[in-house]
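Hi,

Here is the structure I promised to pass on. Have a look at it first, and then read on for what turned up.

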Amino acid sequence: MWNVGGAQLQSRLFLGTALYESPEIMLNALTSSSTDVVTVSLRRQGADVRAGASFLNLLRRQNVRFLPNTAGCHTAQEAVTTANMAREIFSTNWIKLEVTGDDYNLQPDPFELLRATKILISQGFEVFPYCTSDLVVAQRLVEAGCKIIMPWAAPIGTGIGPTDIYALEILRQRLPDTVLIVDAGLGKPSHAAQVMELGYDGVLLNSAVALSNDPATMSCAFRLAVEAGRLGFEAGPMLPRNTASPSTPLIGTPFWQQTETTDLCK
Amino acid sequence: MLLLINGEEKDLPISTLSELASMLGYVGKSFAIAVDGQHVPQSDWSECRLVQRQNVLILSPMSGG
């Protein structure tokens with residue numbers, strides 16, 4: 001068990017609910033991931049007044065926590081309004097704060113993100129800010145009161161995996177008391193294992209599972225990768241060495257040779 | 001009253017937000033409303049009096065990443 005935002009969770013894998021071909025495929029993926037937290041969003045209400053309610057009811061039966069996002073917001077004010085609306089609908093003070101600064105690669109706007117964070121924390125939200133892996137931005141968010149930071153591994157939906165592993169590693173080292181969850185850009189289970197081995201507390205995914213050929217199997221693979229990465233981190237990996245070192249003891253080697261280096265040169 | 005609801009102009013015979021929600025069938029817990037960019041909690045809908053040309057945003061749950 002681990003603690004995030006005042007909740008005790010079993011799983012370190014957060015899963016998105018978008019992009020699945022059908023609700024049934026989504027539910028199967030959620031089940032095989034064993035996730036405790038799913039991300040959700042808000043849209044402008046259309047003519048079908050029942051659509052949103054049925055989606056919500058479907059997820060409520062999964063016994064998962066909701067992490068609503070503010071996707072599509074470009075200013076702090078938009079994000080604050082959306083967060084408050086999400087709090088009312090989903091009955092949670094958790095908010096995955098997204099403020100887009102660039103529409104091409106969906107890069108977060110750090111200035112509006114920080115502004116919105118300060119307002120939302122003063123309003124009692126548990127803010128999960130989606131940001132880049134920039135150390136100073138993360139530090140400012142922590143200073144503003146964030147207990148959780150969600151840096152990207154790469155731009156949303158790319159699936160290319162961590163583009164700046166050094167930056168992610170530095171974030172972990174410099175913010176040892178902050179919950180760090182990698183959000184966005186992962187495509188393969190090995191990517192998830194890689195960031196978990198750095199000591200990240202969790203991983204948030206959507207496209208990597210939903211756009212795979214078999215979302216239920218892929219979410220299971222990510223679950224195992226996240227668990228493996230975490231165990232690897234907790235076990236403490238050996239330090240890398242530049243020179244080879246035999247893993248099999250030399251004492252009693254059947255065909256012992258004592259070849260001098262000089263002999264090899266003859 | 002002329003209002004801009006989710007980006008569409010609508011002329012409706014209402015004066016409060018609760019009347020608007022009721023007329024549009026938006027009842028229950030699956031909707032949230034903002035007026036001129038400010039969220040109005042459901043508990044305040046009946047006291048929220050609308051004026052001409054206000055911008056009303058009605059949001060409902062959807063999938064997200």
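This is a predicted model: local features need pLDDT of at least 70, side-chain atom pairs count only at pLDDT 80 or more; totals for chains, interfaces and linings use all residues.

The partner of A:Glu227 is A:Arg223, and the two form a salt bridge whose closest N and O atoms are 3.8 Å apart. Both residues sit in helix H9 of chain A (residues 215–235), four residues apart, or about one turn of the helix. A:Arg223 is partly exposed as well, at 21% relative accessibility. Elsewhere, A:Lys96, A:Glu98 and A:Asp183 are joined into one network by salt bridges that share partners. Over all chains, the count comes to eight salt bridges.

Another of these pairs is A:Arg172 with A:Asp201, where the closest N and O atoms are 2.8 Å apart. What does this bridge tie together? A:Arg172 belongs to helix H6 of chain A, while A:Asp201 is in the loop between helix H7 (189–197) and strand S12 (202–205) of chain A, so the pair links parts that are 29 residues apart in sequence. Are the two ends buried or exposed? A:Arg172 counts as buried at 11% relative accessibility, and A:Asp201 is buried with a relative accessible area of 13%.

Next, helix H5 of chain A, which covers residues 135–143. Its buried residues are A:Leu135, A:Val137, A:Ala138, A:Gln139 and A:Leu141. They pack against helix H4 (110–122), strand S9 (126–131), strand S10 (148–151) and helix H6 (165–174) of chain A. At the N-terminal end, A:Asp134 caps H5(A), with a side-chain oxygen 2.9 Å from the backbone nitrogen of A:Val136. After the helix comes A:Gly145, with a positive phi near 120 degrees.

A:Arg140 is partly exposed at 38% relative accessibility, whereas A:Glu143 is exposed, with a relative accessible area of 60%.

In the loop between S9 and H5 of chain A you will find A:Thr132, which is buried with a relative accessible area of 14%. Setting aside residues up to four places away in sequence, A:Thr132 touches A:Gln107, A:Pro108, A:Pro151 and A:Trp152.

Apart from neighbours within four places in sequence, A:His74 is in contact with A:Val99, A:Thr100, A:Asp103 and A:Glu112. With A:Asp103 there is a polar contact between the two side chains, at 2.8 Å. A:Thr100, in strand S7 of chain A (residues 100–102), is buried, with a relative accessible area of 10%. Beyond residues up to four places away in sequence, A:Thr100 touches several others, including A:Cys73, A:Leu106 and A:Asp109.

How many does a search of the whole structure find? Zero, over all chains. The closest cysteine sulfur to that of A:Cys73 is in A:Cys146, and at 16 Å it is too far for a bond. A:Cys73 is buried, with a relative accessible area of 5%, and over in chain B, B:Cys48 is buried too, at 17%.

Finally, the interface. Here 26 residues of chain B are in contact with 28 residues of chain A. The two chains bury about 2200 Å² between them, 59% of it on carbon and sulfur atoms. In chain B, the residues that lose the most area to chain A are B:Pro61, B:Met62 and B:Gly65, together 27% of what that side buries. Between the chains there are zero salt bridges, but 14 residue pairs are in polar contact. On the side of chain B that touches chain A, strands S3 (32–35), S4 (38–40) and S5 (55–63) of chain B each supply at least two residues. S5(B) gives the largest share, seven residues. By type, this side of chain B divides into 13 nonpolar, twelve polar and one charged residue.

Best wishes

Methods
Residues are numbered from 1 along each chain as its sequence is written. Chains are lettered from A and ligands numbered from 1 in the order in which they are written. Side-chain values use heavy atoms; hydrogens and water are left out. A disulfide is a pair of cysteine sulfur atoms within 2.5 Å. Buried means under 20% relative accessible area, exposed over 50%, partly exposed in between (1.4 Å probe, protein chains only). Contact means heavy atoms within 4.5 Å. Buried area is the accessible area (1.4 Å probe) that two parts lose on being put together, summed over both. A salt bridge is a side-chain nitrogen of Lys or Arg within 4 Å of a carboxyl oxygen of Asp or Glu. A polar contact is a pair of N or O atoms within 3.5 Å; within protein, one must be able to donate a hydrogen and the other to accept it, and residues adjacent in sequence count only if both atoms are side-chain atoms. Ala, Val, Leu, Ile, Met, Phe, Trp, Tyr, Cys and Pro count as nonpolar, Asp, Glu, Lys and Arg as charged, and the others, Gly among them, as polar.
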